[in-house]
Amino acid sequence: AVAASPVLGGKVAAVDEQKALAVKGVRQVLRIEGAVAVVADHFWAAKQGLLAAAPRFDDGANANVSTAGIVADMMKVSQNTGAVAADKGDALKALDAGPGRRIDVVYEVPFLAHATMEPMNCTVDLKPDGCDLWVGTQVPALAQGAAAKVSGLPVEKVKVHNHYLGGGFGRRLEVDNVLQAVALAKLAKGPLKLIWTREEDIQHDMYRPYYVDRMSARIDDKGMPVAWFHRVTGSSIMARFAPPMVKNGVDPDAVEGAADLQYSIPAVRVEYMRHEPGALATAFWRGVGPTHNVFVVESFIDELAYASKTDPVAFRRSLLQKSPRTLAVLNLAAEKSGWGKPMKPVAGRKLGRGISTQFAFGSYLAQVAEVSVGADGDVRVHRVVC
């Protein structure tokens with residue numbers, strides 16, 4: 001069982017080793033930079049030993065970092081001009097010219113942990129002439145390389161026994177658990193099975209980035225959008241994971257689902273502003289760009305439909321004449337959901353339907369959600385047609 005510094009970059013300050021060793025079944029207390037581990041006959045003993053060890057940490061340079069501070073910095077940075085990911089027509093000029101009105105919104109989406117079904121773990125058998133890993137990983141070659149680097153062994157002396165993932169979701173594209181396990185194995189007396197508790201798993205996840213999206217549009221006197229602007233601000237996973245993919249300052253993942261806008265609008269500009277939080281690690285989270293961009297794009301489309309006093313399905317139809325496959329799934333979802341027909345009443349609750357479309361990873365999708373809201377603001381989803 002392991003406890004790493006709760007703050008990125010922190011170091012171990014103190015640990016009650018004797019108290020840990022007094023727990024039945026505990027064999028060793030191990031210290032590496034930034035983490036303490038207790039080795040025992042079984043996980044429960046290891047966990048109890050770690051509680052007894054009560055490790056304390058020096059938080060270091062990131063001691064005073066807070067979510068509020070990170071978001072405040074992002075809000076400032078998001079007002080700067082970003083790298084251009086898509087540019088059609090003169091959207092910046094069109095936003096402030098012509099009939100109709102301009103609408104401006106800011107969306108925020110939070111850091112998200114993967115919470116994989118099986119918490120992060122790795123089993124290591126490290127010997128002078130070789131190293132065996134038992135792990136579920138999406139990147140066996142990177143795991144092999146990481147183990148070789150920490151152990152000092154040649155890569156060909158590291159063997160990875162890859163298992164079912166227990167939930168990948170992009171979390172197991174990272175090898176931080178392998179690095180930690182092999183570093184501890186160098187100090188252990190014999191093979192080491194490292195399991196993170198769920199608390200450790202959540203606290204030391206590599207999160208989906210926090211995003212701030214500044215969006216603007218102009219709708220004309222007929223209620224149709226004539227200009228669209230979208231600036232995505234967030235950290236760049238590609239810059240760390242695959243630097244050559246970042247071209248002209250644009251992380252292609254961060255703008256996927258935004259730069260390839262499926263709606264036909266005369267003037268469109270999409271920008272990307274990179275901002276790294278520094279004190280938090282970010283990583284892929286189940287299709288990072290689309291999971292956030294589809295949400296903000298479709299939400300803004302709904303806001304424009306509302307502003308133009310147009311039914312959300314009819315509004316989308318009018319913008320999808322050049323996207324026949326998106327239009328087809330939109331129409332099918334609307335038909336199968338009974339869009340426009342009354343919903344079955346639920347006592348004491350307001351009812352409604354919402355719709356969205358999506359184009360991502362080569363797939364076209366539309367979804368209708370039937371929801372209700374209680375007097376206390378409680379939201380329930382009753383049915384989804386996809």
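This is a predicted model: local features need pLDDT of at least 70, side-chain atom pairs count only at pLDDT 80 or more; totals for chains, interfaces and linings use all residues.
The secondary structure of the protein chain consists of eleven helices and 17 strands. Along the principal axes, the C-alpha atoms occupy a box of roughly 75 × 55 × 40 Å. Of the 386 residues in the chain, 47% are classed as buried. Among contacts with a sequence separation of 6 or more, 72% are accounted for by residues 24 or more positions apart.

The largest nonpolar core of the model comprises 43 residues. Within this core, the residues with the most contacts are V2, C122, V124, L133, V178 and L184. Helix 6 supplies the largest share of the core, namely six residues. Another core, of 34 residues, lies apart from it and includes M215, L261, I301 and L319.

The surroundings of L133 were examined with its neighbours within four places in sequence left aside. On that basis, L133 is in contact with C122, T123 and V124, with A143 and A147, with the run V158, K159, V160 and H161, and with V178 and V182. Of these partners, A143 and A147 belong to the helix 5 side of the contact between helices 5 and 6, whereas V178 and V182 belong to the helix 6 side.

Two packed helices are described by the angle between their axes and the distance between the axes. Helix 5, spanning residues 140–151, packs against helix 6, spanning residues 176–185, at an angle of about 35°, and the two axes are 9 Å apart. The crossing of helix 5 past helix 6 is right-handed. On helix 5, the contact is formed by A143, A146, A147, V150 and S151, and on helix 6 by V178, L179, V182 and A183. Classified by residue type, this contact contains eight nonpolar residues and one polar residue, with no charged residues.

A disulfide is a covalent bond between the sulfur atoms of two cysteines. With a cut-off of 2.5 Å between cysteine sulfur atoms, the count of disulfides in the model is zero. For C122, the closest cysteine sulfur is that of C131, at 8.0 Å, and C122 is therefore too far from it for a bond. C122 has a relative accessible area of 1% and is therefore buried, and this cysteine is among the residues with the most contacts inside the largest nonpolar core. C386, by contrast, is exposed, with a relative accessible area of 64%.

How values were computed:
Residues are numbered from 1 along each chain as its sequence is written. Side-chain values use heavy atoms; hydrogens and water are left out. Axes are lines fitted to C-alpha atoms, for helices over the stretch in contact, and angles run from 0 to 180 degrees between N-to-C directions. Helices (H or I, at least four residues) and strands (E, at least two) are DSSP runs, numbered from the N terminus. A crossing is left-handed if the near helix is turned anticlockwise from the far one by less than a right angle, and right-handed if clockwise. Contact means heavy atoms within 4.5 Å. Ala, Val, Leu, Ile, Met, Phe, Trp, Tyr, Cys and Pro count as nonpolar, Asp, Glu, Lys and Arg as charged, and the others, Gly among them, as polar. Buried means under 20% relative accessible area, exposed over 50%, partly exposed in between (1.4 Å probe, protein chains only). A nonpolar core is a set of buried Ala, Val, Leu, Ile, Met, Phe, Trp, Tyr and Cys residues joined through side-chain atoms within 4.5 Å.
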